[in-house]
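I opened the notebook to record what I looked up in this structure. The entries follow the order in which I went through it.

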Amino acid sequence: MSVSFEEFIQKYDIDDFSKILELKGQEKVKFYNEFIEIIKSISRIFDKLTNIASIRGGQVLMSLAKLEKSETVINKTDIKRSLNIDRLEKLLHAFEYLEENNYINIEKKTSKFHVIKLNEKDNPDFTLFREIIQNFWISPEEEEARVKKWRGL
Amino acid sequence: MKKQKNNLPDLDFENEENTFKSIEVIQKEFLKKTVKTVLYILIVLAVYIMYSLITIRPELFENTFIRLINRSCFSNITIEWILFSTSTFLFVYFLKISYLKYTPSLISFIKNESKNLGFDFKKEFNSGQIFLLLNSVSISILIYIDLGWIKFEDGLVSGFFIFIISAYLTLSLILPIFWALFDDKFIIQLKDDFYILFDFHFKIGKPKKDGSNLVGIRLTSNRLSTKNDKCGRIIHSKIAKRRWLSRRKISKFNPYLHFYEFSTPLNFQKQFLNMALALTEWQIYYGSRILCFDARTPLNKIESKDKFLDYYKFFANFR
């Protein structure tokens, strides 16, 4: 079963500062268990990311998770742009590896246009991964834009 | 491995095989550069030794072209100064070049990566120009003295002039040498007051398949503030911890704070942007001094969270 950070926040109204968070007995145990489940899921995400053999694999997964927030259709070029990579060839090995390991699904619309999705069905931890990335991770493309803005470009 | 337009091999660190090949290319280029530099050093030393021999044992070079130069209208001081200053500067310059671990392909790779981000990676080795400028003035003055265009009748004025010219000659050599040692650099200028310096590291031995031939790039920011500045120390520490910046110290005697970062060619862009954003944060927080409103309080007390309520809020906005 997938763990969701957003559901956890909503369930206990953690982001509602007008209410007092009071947990007693069974409710506190449940809260604690759910919190631990989130931490365990994060730990499995670390484990998964650090064991991806393709050098750019982890970055591709993060970029894909981030882009899923704003785009409905994501292709390889979107990921390349988001990661600030100059040539798509640099990412081909990563796509191949991630598809082989069932981390992503690639739908070949045409010979050149491939739609990519995060495979949350086979990897339940990817739900929490996607939430964390979408809320807290800054892609290289965003970082570059931020530095350029600072430089006044 | 592809070749670039400028005939340099295109380095590729995207997989193990290509990384190994790229490291081999870097090491070969470095070896070539070192041999060339050592050769230059030997030539410079040979010239200097030869001149020393001419002045100490002139009979050895009787009836040779070298002797003719020595008997020219220029005094020994002028010729000796030209040879001494040039050979001393070139010796130091080549030693510095051989110490710096960079190769044309590696520089070209970093240039492309920076260009991709919209930054201009520059090799600023200005010591040679400074040496030429200062030394051409000193040589001109010495030639004017030889030709008799500069001469003083008054002993006192003459003594003062000798003192001034000696001081200038010394400075015209020391300044470029110090410049070569401490100020010749690889740099990306971010803004007027903000820049990042680069330093390359790799092992010179034969490339190993076990991956121990890591090519590293050390990034160092410009001076941020003095270490005595409590506000600077606090903000530096907060930003460095938050961004996982390298905490290595160049020297205990360096009185200034800098940001440091380490990258490999593969994650160069990411680490560079991390450093650039650290400098962005530094400019905002250090300039506003919001984070350290009580610089007189002992540092360990200032670091408590209640004194930094705004900090977390600001960084939250920064995401």
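**Chain B as a whole**

I began with the surface of chain B, which exposes about 18300 Å², with carbon and sulfur atoms supplying 63% of it. I note that the model is a predicted one. For secondary structure I found ten helices and five strands in chain B. The chain has 319 residues, and buried residues make up 42% of them. I then looked at contacts in chain B between residues at least 6 apart in sequence, and 70% of these join residues at least 24 apart.

I looked for nonpolar surface on chain B and noted a patch of about 410 Å². Its members are B:Val38, B:Leu42, B:Leu45, B:Ile49 and B:Leu53. I placed B:Leu42 in helix α1 of chain B, which covers residues 16–56.

**The cores**

The largest nonpolar core has 64 residues. I listed the residues with the most contacts inside this core: B:Leu190, B:Phe198, B:Phe200, B:Phe259 and B:Phe272. Helix α8 of chain B (residues 268–288) gives the largest share of this core, eleven residues.

I followed up B:Phe272, leaving aside its neighbours within four places in sequence. B:Phe272 is in contact with B:Leu117, B:Phe119, B:Ile188, B:Leu190, B:Ile196, B:Phe198 and B:Leu219. I also found a second, separate core of 32 residues, which includes A:Phe31, A:Leu61, A:Leu98 and A:Ile133.

**One residue of chain A**

I picked A:Ile79, which has its place in helix α4 (residues 76–82) of chain A.

**Between the chains**

Last, I looked at where the chains meet. I noted that 21 residues of chain A are in contact with 25 residues of chain B. The area buried between chain A and chain B is about 2300 Å², and carbon and sulfur atoms give 53% of that. How many salt bridges does the rule find across the interface of chain A and chain B? I wrote down four. I also recorded a salt bridge of A:Arg56 with B:Glu14, in which the closest N and O atoms are 2.8 Å apart.

Conventions. Residues are numbered from 1 along each chain as its sequence is written. Chains are lettered from A and ligands numbered from 1 in the order in which they are written. This is a predicted model: local features need pLDDT of at least 70, side-chain atom pairs count only at pLDDT 80 or more; totals for chains, interfaces and linings use all residues. Side-chain values use heavy atoms; hydrogens and water are left out. Patches are made of residues with over 30% relative accessible area and no salt bridge: like charges are joined within 9 Å, nonpolar side chains (Val, Leu, Ile, Met, Phe, Trp, Tyr) within 5 Å. Accessible areas come from the Shrake-Rupley method with a 1.4 Å probe; for residues, only the protein chains shown count as cover. A salt bridge is a side-chain nitrogen of Lys or Arg within 4 Å of a carboxyl oxygen of Asp or Glu. Helices (H or I, at least four residues) and strands (E, at least two) are DSSP runs, numbered from the N terminus. Buried means under 20% relative accessible area, exposed over 50%, partly exposed in between (1.4 Å probe, protein chains only). Contact means heavy atoms within 4.5 Å. A nonpolar core is a set of buried Ala, Val, Leu, Ile, Met, Phe, Trp, Tyr and Cys residues joined through side-chain atoms within 4.5 Å. Buried area is the accessible area (1.4 Å probe) that two parts lose on being put together, summed over both.
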